[in-house]
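Please take a look at the chain below.

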Amino acid sequence: MLTDSLLKSPRVKEVRGVASIRPGMSRLQLAMYYSDPGAARARNPKFFDAYLSADNRTTLLDVIPGDTVSMTGMMEIARRVRAVAGHSIRGLTDAELLVGGFAAGSLDAQIELLRRLPLTVGFILGITALMLFFAFRSLLVPIKAVLLNCLSVSAAFGLTVLVFQHGYGGWIFGLP
């Protein structure tokens, strides 16, 4: 079952959905409970309005993380849910599984930004070189400027990592 696969992750505390209406129910009990979907919806209308569409074709699963403070942990859960949903799950071969929410949206934004980063950096360096080429009518000046710009930015990022990630000189900024 999908919820069982998701619960195997140590970062997942709980999975809520139509299969978790009463915790501890076996698959046979769930099958009997849902043998008449109309009666099941009538017994718990608020629950089913939240987790199951009116046509009984679309359902919602809430994956509750154990570590709700860390955005990195929540994004890792979104990755895990997508990995589990990406594999063929018994009984759901033709189903479309979508992962949403704040963590999944942040993960998507991060992936898209990282995917376009080389193009963006190349565009900025190319425009800079082109503008310097036309301004100074020299090929050496723009190449030298772009290379020194890359060197200075790399040094700044390296120093930032040394101070904030490795802690060297953090006392200057009042860091422990």
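In this predicted model, the side chains of R41 and D49 are joined by a polar contact of 3.3 Å. Where does R41 lie? You will find R41 in helix 3, which covers residues 37-43. Is R41 buried or exposed? Its relative accessibility is 18%, so R41 counts as buried, the cut-off being under 20%. If you set aside neighbours within four places in sequence, the residues in contact with R41 are F48, D49, L52, S53, A54 and N56.

Now turn to the second largest pocket, whose volume is about 270 Å³. Helix 1 (2-7), strand 1 (12-16) and helix 4 (45-51) each give two or more residues to its lining. That lining comprises 16 residues, and V15, A19, S20, P23 and G24 are the ones nearest the pocket's centre. Sorted by class, nine lining residues are nonpolar, three are polar and four are charged.

Finally, step back to the chain as a whole. It holds seven helices and two strands, arranged from the N terminus as α-β-α-α-α-β-α-α-α. The C-alpha trace spans about 80 × 40 × 25 Å along its principal axes. The radius of gyration is 26 Å, whereas a compact globule of 176 residues would have one near 16 Å. Of the 176 residues, 19% are buried. Among contacts between residues at least 6 apart in sequence, 52% link residues at least 24 apart.

Definitions and conventions. Residues numbered from 1 in each chain as written. Predicted model: local features only at pLDDT ≥ 70, side-chain atom pairs only at ≥ 80, totals over all residues. Heavy atoms only, no water. Helix = DSSP H or I, 4+ residues; strand = E, 2+ residues; numbered from the N terminus. Buried < 20%, exposed > 50% of the residue type's maximum accessible area, 1.4 Å probe, protein only. Polar contact = N/O pair within 3.5 Å; in protein donor to acceptor, adjacent residues only side chain to side chain. Contact = heavy atoms within 4.5 Å. 1 Å grid on protein atoms, 1.4 Å probe; cavity = no way out; pocket = protein on both sides within 12 Å on 5 of 7 lines; lining within 4 Å. Points joined across faces, edges and corners; volume = space filled by probe spheres on them. Nonpolar A, V, L, I, M, F, W, Y, C, P; charged D, E, K, R; others polar. Rg over C-alpha atoms; globule rule 2.2 N^0.38 Å.
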